[in-house]
Amino acid sequence: MRSDEVGCLLPAVCLLVLVAAVSSDKDNTNGGPKLRAPEDRCQGSVLSEAPCKRPLNIVGLFGRTGWNPAGAAFQYATEMAISDINNRDDVLRGYELIMEAGDTKCETAPAVNLLFRMLYNSSNTKVMVIGALTSHVSEVTAIVSQAWNLVQISYSAISPTLSDKDSYPWFFRTSVSESKMAPVLVHLLQHFNWSVISVAQQSFNMYTKTVEDITSELQRNNISVNATETFDSDVEMIIKKLQERDARIIYFAAYESMARKAACKAYKKGFYGSKIVWIFPGYYDHRWYERERDTNCSVKNILKVIDGYLTISVVHLSDNNDTINGWPPQEFHHRLLHHINASSWKNGGQPEEDLRGSKRAPLAYDAMWAAALALNGTLSDLIANGSKGLETFTYQRSDIGRLIYQNMRKVSFRGLSGNISFDDSGDRTSKFTVIQFQKDSNGNKMVEIGMYKDGVMKWNDSQVKWGASYLCVSRDRVIKMSSPNINNVILAGCVIVYADVFVEDVTASGCVSFCYVKWYLMIIGFSMAFGALLAKTWRVYKIMTGSIKVRARNLRDKNLFAVVGVFVLVNLVLMTLWSSIDPFTVVKTDDGVVTVKEAEDVREVREMLECTSGYKHYFYVIVMGAQIVFVLFGVFLAWQTRQVNIRELNDSRWISLCIYNLVLLGSLAAILKFLTRQSVHVTFVVESTIVCFGTTVTQCLVFVPKLLALRKKQEDENEQVEREGAKGTGFSPSSMCSYQRQQQQLPSIPSIHLSPPPSSYTDSVTPVEPCVPPVLLSAKPALPSAKPVLPSAKPVLVLPNLPCSKTKV
């Protein structure tokens with residue numbers, strides 16, 4: 001709850017509790033409010049066959065307006081449940097449930113005022129409270145309800161604080177505490193090999209407690225939390241901090257409006273792409289990213305940021321058709337739409353699929369059924385004890401209130417959302433699904449990729465989709481810990497050096513522009529390739545000799561890019577000074593070889609075109625001297641790190657060999673160029689061979705060891721899977737980059753089947769289909785069998801530059 005709300009609500013809460021305390025006096029004649037018993041419209045026994053039914057009034061707290069107006073969908077579902085219950089002869093026989101519903105406006109002050117009017121000023125006695133929509137409202141109303149001897153059950157509140165039975169002893173909920181998804185989040189991170197996560201939370205008590213519980217669970221499982229940032233409304237600052245920390249996997253604990261604003265700010269700052277994955281709460285509505293236009297970004301911009309995001313959600317519709325209401329859960333949305341059209345009140349004429357909260361509306365239906373069964377059990381106990389029935393309840397009757405509480409504890413049935421029963425904290429047990437948002441040419445959809453039940457996680461990897469243009473191995477530790485972005489710089493530099501060899505020959509055209517192109521290509525290519533090697537070696541050196549603070553800072557790629565940038569900049573400045581002060585010219589020179597053809601009376605003198613300048617030798621010494629200084633510094637770093645053998649810095653030894661290779665070949669080229677005199681053709685062949693050979697050796701030393709390491713790792717994984725398969729054990733893949741080797745697929749896991757009306761959501765959760773996504777290579781789904789058969793190799797997707805969590809050394 002927000003601090004400003006607490007300050008303004010304490011007087012109101014204290015007033016209500018005082019009124020409740022006065023009214024609970026056993027002798028009602030001693031003063032206190034005039035409490036009216038419900039009018040007895042029926043005569044005779046409770047169990048008589050008379051058509052007249054006694055009313056059982058309940059309070060319904062729904063936030064239909066305000067900053068999170070999702071209450072309408074829940075109210076429709078509750079009314080539908082009441083209608084179904086009242087039509088049953090085996091539940092609350094002789095009674096009729098009547099709900100007095102009100103709009104809390106999603107704020108605590110209006111909610112307390114509403115509850116006060118319904119309880120104190122009403123002409124009838126309420127026997128239970130249904131609601132509220134939001135957690136911070138439920139935290140206040142639950143205290144008030146219990147003071148009036150009323151049990152309260154919520155359909156939507158998810159704050160872990162409400163599980164505290166010392167503070168909320170008579171509170172129950174069919175929704176699930178956010179803290180209970182912490183084990184699922186751990187399974188999710190471990191499944192994708194993500195060892196570091198960043199957290200951004202909105203400054204609500206619900207999120208603070210949730211993040212505390214999640215952080216504790218992550219730390220117990222050796223998963224690092226890179227940052228925990230709290231914000232109220234300034235999401236721009238949060239995005240900036242996450243970007244500075246190079247966050248990759250982000251758990252964003254906030255309401256939908258803040259998620260949209262954060263995605264917009266991330267788009268504007270360029271903080272999105274294949275390396276970043278967002279994890280949002282599971283209670284977000286359908287098409288939440290476009291429901292409100294409260295940002296200055298287009299929906300297309302927001303989708304670029306959140307594409308591929310993950311969410312952990314409770315199961316809202318069970319796939320078991322044996323429910324207490326007698327009809328399959330898949331019909332819920334059809335029936336709800338029919339009920340909305342037939343309702344005496346309408347929520348602005350909105351169709352069912354556009355209502356906020358419609359995805360979670362089955363939880364309200366089940367909450368009403370839980371309340372009815374608790375009242376039905378209480379009625380049976382009262383009749384067994386010789387009491388008249390539930391009409392004897394008043395706000396002073398704490399004995400009946402406690403009897404309702406005890407029967408709520410005993411409730412157990414199969415509802416629309418699954419099995420409904422409550423633990424000692426008033427929370428229900430539920431299955432969780434891991435769902436991925438996927439954007440493609442056919443529209444946006446939510447796809448189930450995993451199921452968590454009773455401590456067991458099952459994955460359907462064939463449904464995961466990160467995009468078609470991603471590399472499979474980029475998330476592997478062998479690759480990502482060697483700074484793949486810096487490796488790309490090395491490759492780019494090598495390509496530029498290769499290009500310089502071809503420019504060397506076209507200078508024969510006599511065009512002076514080629515003189516500049518040749519020198520600049522060589523300098524830039526060498527600066528990028530050698531600068532990247534130098535930066536990586538410098539990183540290893542700083543790790544081995546620097547403080548812990550220095551190590552953490554210099555492990556980031558941006559520091560390595562800065563080193564490369566300085567190296568390139570210095571060389572560009574030198575070349576610019578040279579070309580500005582002493583421009584190049586093309587001159588003809590002879591190579592000293594004279595051929596005399598006496599028969600033809602001809603003397604042949606070979607000439608060649610050469611790029612030169614007036615002070616060429618001076619500038620050549622300056623430029624080459626700078627390179628020698630850099631090379632010597634690289635030799636020093638290579639020597640200092642020659643015995644480093646850290647698995648996380650797996651290529652430090654090969655980097656050293658690259659520098660040694662550069663020194664040897666560079667020295668050889670200098671000797672041949674300045675101390676020997678050969679024909680122009682021999683000189684060109686020798687220099688080109690040295691350049692191409694040295695460049696190729698550098699690439700081999702940097703990349704071939706990684707390919708060999710990857711191959712060995714994949715072979716070891718296959719051997720392990722085969723051993724596990726021989727033992728008949730299951731497995732949970734730790735890598736998803738060997739799908740190319742898989743020819744079979746795990747049997748499909750249980751899925752959620754939704755049956756929305758014909759005009760329903762385009763991005764609703766879709767059942768898991770045994771199909772092959774476009775990004776996968778050939779894979780044939782196995783036919784379901786009574787006993788799952790383990791495939792011969794790990795089932796894995798062809799992944800993109802899959803978002804990798806940053807791993808600290």
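**Overview**

You are looking at a predicted model, in which local features need pLDDT of at least 70, side-chain atom pairs count only at pLDDT 80 or more, and totals for chains, interfaces and linings use all residues. Residues are numbered from 1 along each chain as its sequence is written, and side-chain values use heavy atoms, with hydrogens and water left out.

The protein has 21 helices and 18 strands. Both are DSSP runs numbered from the N terminus: helices are H or I with at least four residues, and strands are E with at least two. Of the 809 residues in the protein, 52% are buried. Here buried means under 20% relative accessible area, exposed means over 50%, and partly exposed lies in between, using a 1.4 Å probe and protein chains only. Among contacts in the protein with a separation of 6 or more, 76% join residues 24 or more positions apart. A contact means heavy atoms within 4.5 Å.

Helix 4 covers residues 135–147, and its 13 residues should span 18 Å at 1.5 Å a residue; the end C-alpha atoms are 19 Å apart, which agrees. The expected span is 1.5 Å times one less than the number of residues in the helix. Helix 4 is largely enclosed by the rest of the structure, because 10 of its 13 residues are buried. The buried residues are S135, H136, V137, S138, E139, V140, T141, A142, V144 and S145. After helix 4 comes N149, which has a positive phi near 60 degrees.

Helix 19 covers residues 616–640, and its 25 residues should span 36 Å at 1.5 Å a residue; its end C-alpha atoms are 36 Å apart, which agrees. Its buried residues are K616, F619, Y620, V623, A626, Q627, F630, V631, G634, L637 and A638. As background, an α-helix has 3.6 residues a turn, so residues three or four places apart point the same way.

**How helices pack**

Let's start with helix 18 and helix 19. Their axes come within 10 Å and cross at roughly 175 degrees. Axes are lines fitted to C-alpha atoms, for helices over the stretch in contact, and angles run from 0 to 180 degrees between N-to-C directions. Helix 18 and helix 19 are therefore roughly antiparallel to each other. That wording applies to angles over 145 degrees, while under 35 is roughly parallel, 65 to 115 is roughly perpendicular and the rest is oblique. On the helix 18 side, F567, V570, N571, L574, M575, L577, W578 and I581 meet K616, F619, Y620, I622, V623, A626, Q627 and F630 in helix 19. The contact of helix 18 with helix 19 has 13 nonpolar, 2 polar and 1 charged residues. In this scheme Ala, Val, Leu, Ile, Met, Phe, Trp, Tyr, Cys and Pro are nonpolar, Asp, Glu, Lys and Arg are charged, and the others, Gly among them, are polar.

Next come helix 7 (residues 235–244) and helix 8 (residues 256–268), which pack at an angle of about 55 degrees with their axes 9 Å apart. That makes helix 7 oblique to helix 8. From helix 7, V235, E236 and I239 meet M258, K261, A262, K265 and A266 in helix 8. The contact of helix 7 with helix 8 holds 5 nonpolar, no polar and 3 charged residues.

**Residues worth a look**

This table lists C-alpha to C-alpha distances for pairs of residues.

| Pair | Separation in sequence | C-alpha distance |
|---|---|---|
| A562 and A535 | 27 residues | 8.7 Å |
| A364 and L416 | 52 residues | 9.9 Å |
| V623 and V570 | 53 residues | 9.7 Å |

V623 sits in helix 19 and is buried, with a relative accessible area of 2%. Leaving aside neighbours within four places in sequence, V623 is in contact with I523, L574, M575 and W578.

A562 belongs to helix 18 (residues 557–581) and counts as partly exposed at 43% relative accessibility.

A364 lies in helix 12 (residues 361–384) and counts as buried at 0% relative accessibility. Beyond its neighbours within four places in sequence, A364 touches F74, A77, T78 and Y155.

Finally, N57 is found in strand 1 (residues 54–62) and is buried, with a relative accessible area of 8%. Not counting residues up to four places away in sequence, N57 touches I98, N124, T125, K126, V127 and M128.
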